[in-house]
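Let's take a walk through this structure together, starting with the fold and ending at the ligand. Have the sequence and the 3D view open as you read.

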Amino acid sequence: MAEKVVLHYLNGRGRMESIRWLLAVAEVEFDEVFLETREQYEKLLSDGALMFQQVPMVEIDGMKLIQTKAILNYIAEKYNLDGKDIKDRAMVNMYSEGVMDLMEMIMLLIISPDPKPKLDNIESKAKKRYLPVFEKALSGPIYLVGGKLSRADVQLLECTLMLEEKFPGILADFPNVKSFQGRMTRIPAISEFLQPGSKRKQQPDEKYKKAIMEVFQIKLP
Ligand code: IBG
């Protein structure tokens, strides 16, 4: 029997959250080991579990996978959440990379000494650069690429929910994206993942910030 998938990261969203989303949509059960102390992280390092001394790390199919995008690619390929052919896969990757650029900006807010200008920049980029692309792509099709659910859809949903947390009403000018969000949240595995008590993580808080500083020895003001 296949070993259970195990996620090694902090108890927060960060770079692991998209992986949690994708596993949830693929209906793969997983356990989580939360890094709370520097010692836990150093133990992973001394065990040789982290190729580039970084997390996320995911134990899956007898491997210890690192690098967020490599992990997402593996899960997407394994569970048919990528494109049906090489061209569709290129489109899926392009959408997915765009969404990840935007989500990374939000993720990094927690370690910013002065988040306000960064927030303004994120809102402006979201409205002017990213959301118009998805509004156009979804004017008709149900999913972003090739008429089938892919990791790009899952990550777009994750991203739009994050955006609404920061900027309520931001989707008002993007009705196709808003309808897409409604459709996606009705997919049973997603609806379950959105329920309280699921493995989805909440917005970053002080405890999570403290863990980042402690585990990665980052000095924040
Ligand atoms: N390219 C890698 C990936 O995508 O997996 C980058 C991984 C990465 O930067 N991981 C950080 C790490 O392990 C944790 S994310 N750092 C240790 C090191 O020595 O490089 C931590 C995080 C931050 C800010 I910093 C916000 C949220 C999480």
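**From the fold to the ligand**

Let's begin with residues 3-83, where the chain is 36% helix and 22% strand and the end C-alpha atoms lie 27 Å apart. Keep in mind as you look that this is a predicted model.

Within it, find strand β1, residues 5-9, and then strand β2, residues 30-34. How do these two strands pair? They run in the parallel sense, joined over five bridges. Now bring in helix α1, which spans residues 17-25. Together, β1, α1 and β2 form a β-α-β unit, and its hand is right-handed.

Y9 also leads us to the ligand. Which residues come nearest to the ligand? Among the 15 residues around it, they are Y9, Q54, V55, Q67 and T68.

Q54 places a polar side-chain atom 3.2 Å from an oxygen atom of the ligand. V55 takes part through its backbone, with a polar atom there 2.7 Å from a nitrogen atom of the ligand. For T68, the side chain is involved again: an N or O atom in it is 2.7 Å from a ligand oxygen atom. As for the ligand as a whole, on its own it has 680 Å² of accessible area, and the protein covers 78% of that.

Conventions. Residues are numbered from 1 along each chain as its sequence is written. This is a predicted model: local features need pLDDT of at least 70, side-chain atom pairs count only at pLDDT 80 or more; totals for chains, interfaces and linings use all residues. Side-chain values use heavy atoms; hydrogens and water are left out. Helices (H or I, at least four residues) and strands (E, at least two) are DSSP runs, numbered from the N terminus. Two strands pair if DSSP finds at least two bridges between them. A crossover is right-handed if, with the strands pointing away from the viewer, the path from the first strand over the helix to the second runs clockwise. A residue is near a molecule or strand if one of its heavy atoms lies within 4 Å of it. A polar contact is a pair of N or O atoms within 3.5 Å; within protein, one must be able to donate a hydrogen and the other to accept it, and residues adjacent in sequence count only if both atoms are side-chain atoms. Accessible areas come from the Shrake-Rupley method with a 1.4 Å probe; for residues, only the protein chains shown count as cover.
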